[in-house]
Amino acid sequence: MEQADQASALGDVPIGAVVVRNDKVIAQAHNRRIIDNDPTAHAEMLAIRSAARALGDWRLTGCTLVVTLEPCCMCAGAIVLARIPLLVYGATDPKAGAVDTLYNICTDSRLNHQLTVTSGVLADQCSRRLSDFFAAQRALGKK
């Protein structure tokens, strides 16, 4: 939630992610798409990259990714490719959710890795941050 709030304070969509291993946060990030003018700068992608650097390995086995919003196709694919065994997320994403809502990428048995997914953790608080952010953007005349 702190990472999501940082994104919002910088004018970006309030989504935050942390990677935990052995009960220790090894990486954290927030959305930076607008800040960096980078369509791939989702909180999950940035946290995964940072965790891989911290571990010195692209395989994030033994890690848990915690994120405030259900990951999109790009992020869900990266989670699978990174071999993350557990994903925990807050709010579902009816427009782009690729874990449970529109697609089931993280549990698709046709892929080389599947993971455990826990959804709905602090969902109301995660959803409220997003709703408040977009309401403020609309009030300012932004998309």
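What is the volume of the largest pocket? The volume is about 470 Å³; the points below start with the basis of the model and come back to this pocket.

1. Basis. The model is predicted: local features need pLDDT of at least 70, side-chain atom pairs count only at pLDDT 80 or more, and totals for chains, interfaces and linings use all residues. Residues are numbered from 1 along each chain as its sequence is written, and side-chain values use heavy atoms, with hydrogens and water left out.

2. Sheet. Five strands make up an open sheet of mixed pairing, in the order S2-S1-S3-S4-S5. Strand S2 (24-30) and strand S5 (116-118) have a single partner strand each and stand at the edges, so one side of each lacks a neighbour in the sheet. From one strand to the next the twist averages 20 degrees. Helices (H or I, at least four residues) and strands (E, at least two) are DSSP runs, numbered from the N terminus. Two strands pair if DSSP finds at least two bridges between them.

3. Strand S1 (residues 16-21) pairs with S2 in the antiparallel sense over six bridges. Val19 has Ala27 in S2 as its bridge partner, and Val20 has Val25. The two strands form a hairpin with two residues between them, and Asn22 in the turn has a positive phi of about 55 degrees. Asn22 is exposed, with a relative accessible area of 69%. The classes are buried (under 20% relative accessible area), exposed (over 50%) and partly exposed in between, with a 1.4 Å probe and protein chains only.

4. Other positive phi values. Most residues other than glycine have a negative phi. Asn37 has a phi near 50 degrees. Asn37 is placed in the loop between helix H2 (33-36) and helix H3 (43-55), and at 70% relative accessibility Asn37 counts as exposed.

5. Strands S3 and S4. These strands pair in the parallel sense over five bridges; Thr64 has Leu86 in S4 as its bridge partner. Five of the six residues of S4 are buried, so S4 is largely enclosed by the rest of the structure.

6. Helices on the sheet. Helix H1 (residues 2-9) lies across S1, S2 and strand S3 (63-69), and runs at about 25 degrees to S2. Helix H5 (residues 123-139) lies across S3 and strand S4 (86-91), and runs at about 60 degrees to S4. Axes are lines fitted to C-alpha atoms, for helices over the stretch in contact, and angles run from 0 to 180 degrees between N-to-C directions. Contact means heavy atoms within 4.5 Å.

7. Helix H4. Which residues of helix H4 (residues 73-81) are buried? They are Cys75, Ala76, Ala78, Ile79 and Val80. H3, S3 and S4 are among what covers them.

8. Asp100. Asp100 sits in the loop between S4 and S5 and is partly exposed, with a relative accessible area of 37%. Leaving aside neighbours within four places in sequence, Asp100 is in contact with Glu70, Tyr89, Val117 and Ser119. Asp100 and Lys24 are 76 residues apart in sequence and 27 Å apart in space, C-alpha to C-alpha.

9. Largest pocket. Of the 20 lining residues, Ile15, Leu69, Asp93, Leu130 and Phe134 are the closest to the centre of the largest pocket. H5 gives the largest share of this lining, four residues. By class the lining has 10 nonpolar, five polar and five charged residues. Ala, Val, Leu, Ile, Met, Phe, Trp, Tyr, Cys and Pro count as nonpolar, Asp, Glu, Lys and Arg as charged, and the others, Gly among them, as polar.

10. Second largest pocket. This pocket holds about 230 Å³ of space. Of its 16 lining residues, Met1, Gly16, Val18, Val66 and Thr68 are the closest to its centre. H1, S1, S3 and S4 are the elements that give two or more residues to the lining. The lining divides into 10 nonpolar, five polar and one charged residue.

11. Pocket criteria. On a 1 Å grid over the protein atoms alone, with a 1.4 Å probe, a pocket is an open set of points with protein on both sides within 12 Å along at least five of seven lines; lining residues have an atom within 4 Å of a point. Grid points are joined across faces, edges and corners, and a volume is the space filled by probe spheres set on the points.
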